[in-house]
Number of protein chains: 2
Amino acid sequence: MRKFEDSIPLKLLKAREVTMSFFRPILQEIPLTEQQWRVIRALNEYRELESKQLAEHCSILSPSLTGILNRLEQMDYIQRRKSPDDQRRTLITLTDRAQKMFNEMSPRLEARYRDMTDKLSAEDMAALDAILTKLCKLKP
Amino acid sequence: MRKFEDSIPLKLLKAREVTMSFFRPILQEIPLTEQQWRVIRALNEYRELESKQLAEHCSILSPSLTGILNRLEQMDYIQRRKSPDDQRRTLITLTDRAQKMFNEMSPRLEARYRDMTDKLSAEDMAALDAILTKLCKLKP
DNA sequence: GCTAATTAGTTAATATCTTAAGAACAAATA
DNA sequence: TATTTGTTCTTAAGATATTAACTAATTAGC
């Protein structure tokens with residue numbers, strides 16, 4: 001019988017926990033939660049996204065995203081506008097304040113990302129990336 | 001500059017999400033949350049654990065575990081007793097009812113685990129396991 | 001022996017996750 | 001056009017995550 005610790009989902013959880021521990025201290029300075037930062041990072045890349053697309057990119061469910069966006073809006077980090085084509089859709093963009101904050105914080109977090117990836121070999125990192133990509137495409 | 005989707009922490013999150021989607025429907029039948037099942041699985045393996053050890057094995061922080069244990073105790077799935085050696089420590093065990101439930105549900109979930117792992121090659125699975133194990137040992 | 005520093009567990013506050021249900025709008029169909 | 005069906009986003013309720021602070025019990029230092 002398979003042992004408790006011998007579990008891919010558990011190891012994925014722990015591994016993610018370890019990787020996030022590299023970034024959390026920096027995010028706390030701002031302060032932002034890891035989900036808030038993920039949303040800001042996605043918006044920095046795609047400039048403008050519908051709520052549903054944003055949720056998909058960030059792997060955050062819609063009900064969670066609603067709250068996250070409310071708080072980011074409160075902090076003046078994002079703004080919402082209705083899609084002119086379809087009144088159901090909300091289009092979301094970063095504010096200038098958020099863009100400025102992102103540009104300032106991003107280099108430190110990128111450096112931290114390299115600190116993390118540098119702790120494993122390039123081969124391991126490439127293999128991990130490839131297998132995770134496969135895993136993400138599975139359907140039950 | 002690194003792309004948004006090109007992120008190991010994000011891929012770990014998505015991969016875990018995918019793997020958990022194999023088990024969630026079964027757990028909902030009981031019903032149990034994934035964290036509750038994790039705690040029960042750990043206790044099935046170690047028989048008796050202190051709260052802190054249990055939290056460590058399950059990758060659940062103490063404040064979360066307090067609530068999870070309260071609910072499991074409410075459901076008559078676990079019982080707590082004070083350590084005779086150190087009155088600060090709580091020792092936790094499964095109830096007979098939990099053990100019975102575990103024995104009934106475990107085969108189905110094990111089968112589901114194989115369904116999942118069978119979707120990737122044995123080589124990929126072994127490589128993934130090995131790299132995740134390394135990753136879990138990193139210190140920021 | 002006594003006090004200071006540690007440790008295990010809990011409580012509190014805020015944020016997020018998960019599922020289900022609801023409101024508003026849009027597209028499809030009779 | 002009126003009804004139906006589907007989609008987007010939000011609300012609601014219960015559970016968990018995260019950080020800080022607190023209580024009670026133990027240990028370290030003197």
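Biologist: In this predicted model, which elements of chain B do the buried residues of α3(B) pack against?

Modeller: The buried residues of α3(B) are Arg38(B), Val39(B), Ile40(B), Arg41(B), Ala42(B) and Leu43(B), and they pack against β1 (48–50), α4, α5, β2 (78–82), β3 (90–94) and α6 (96–117) of chain B.

Biologist: How many residues does this helix have, and what span does it reach?

Modeller: Helix α3 of chain B, residues 34–46, has 13 residues and reaches 18 Å from its first C-alpha to its last, which is close to the 18 Å expected at 1.5 Å a residue. Just after α3(B), Arg47(B) takes a positive phi of about 65 degrees.

Biologist: Where do nonpolar side chains tend to be in soluble globular proteins?

Modeller: In such proteins, nonpolar side chains tend to be buried together. Here the largest nonpolar core has 18 residues, and those that touch the most other members are Leu12(A), Ala15(A), Leu132(A), Leu12(B), Ala15(B) and Leu132(B). The elements that give two or more residues to this core are α1 (8–20) and α7 (122–136) of chain A, together with α1 (8–20) and α7 (122–136) of chain B.

Biologist: Which residues of chain B does Leu12(A) touch?

Modeller: Leaving aside residues up to four places away in sequence, Leu12(A) touches Leu12(B), Ala15(B), Arg16(B), Thr19(B) and Leu132(B).

Biologist: What rotation superposes chain B on chain A?

Modeller: A rotation of 180 degrees, with 0.0 Å of shift along its axis, superposes chain B on chain A with an RMSD of 0.1 Å. That is the relation of a two-fold axis. As for the interface, 98% of the interface residues of chain B are also interface residues in chain A, so the copies meet through the same surface.

Biologist: How many residues surround DNA strand C, and which are the closest?

Modeller: DNA strand C is surrounded by 24 residues, of which the closest are Ser64(A), Gln87(A), Ser51(B), Lys52(B) and Pro63(B). Two or more residues of this surface come from each of α3 (34–46) and α5 (62–74) of chain A, and of α4 (51–58) and α5 (62–74) of chain B. The largest share, five residues, comes from α5(A), and by class the surface near DNA strand C divides into six nonpolar, 10 polar and eight charged residues.

Biologist: Which residues come nearest to DNA strand D?

Modeller: Of the 24 residues around DNA strand D, Lys52(A), Pro63(A), Pro63(B), Ser64(B) and Gln87(B) come nearest. The largest share of the surface near DNA strand D, five residues, comes from α5(B), while its classes are five nonpolar, 11 polar and eight charged residues.

Terms used
Residues numbered from 1 in each chain as written. Chains lettered and ligands numbered in written order. Predicted model: local features only at pLDDT ≥ 70, side-chain atom pairs only at ≥ 80, totals over all residues. Near = placed C-beta within 6 Å. Helix = DSSP H or I, 4+ residues; strand = E, 2+ residues; numbered from the N terminus. Nonpolar A, V, L, I, M, F, W, Y, C, P; charged D, E, K, R; others polar. Expected span 1.5 Å × (residues − 1). Buried ≥ 20, exposed ≤ 12 C-beta atoms within 10 Å, placed from the backbone. Contact = placed C-beta atoms within 7 Å. Least-squares fit on C-alpha atoms with pLDDT ≥ 70 in both. Core = buried A, V, L, I, M, F, W, Y, C linked by C-beta atoms within 7 Å.
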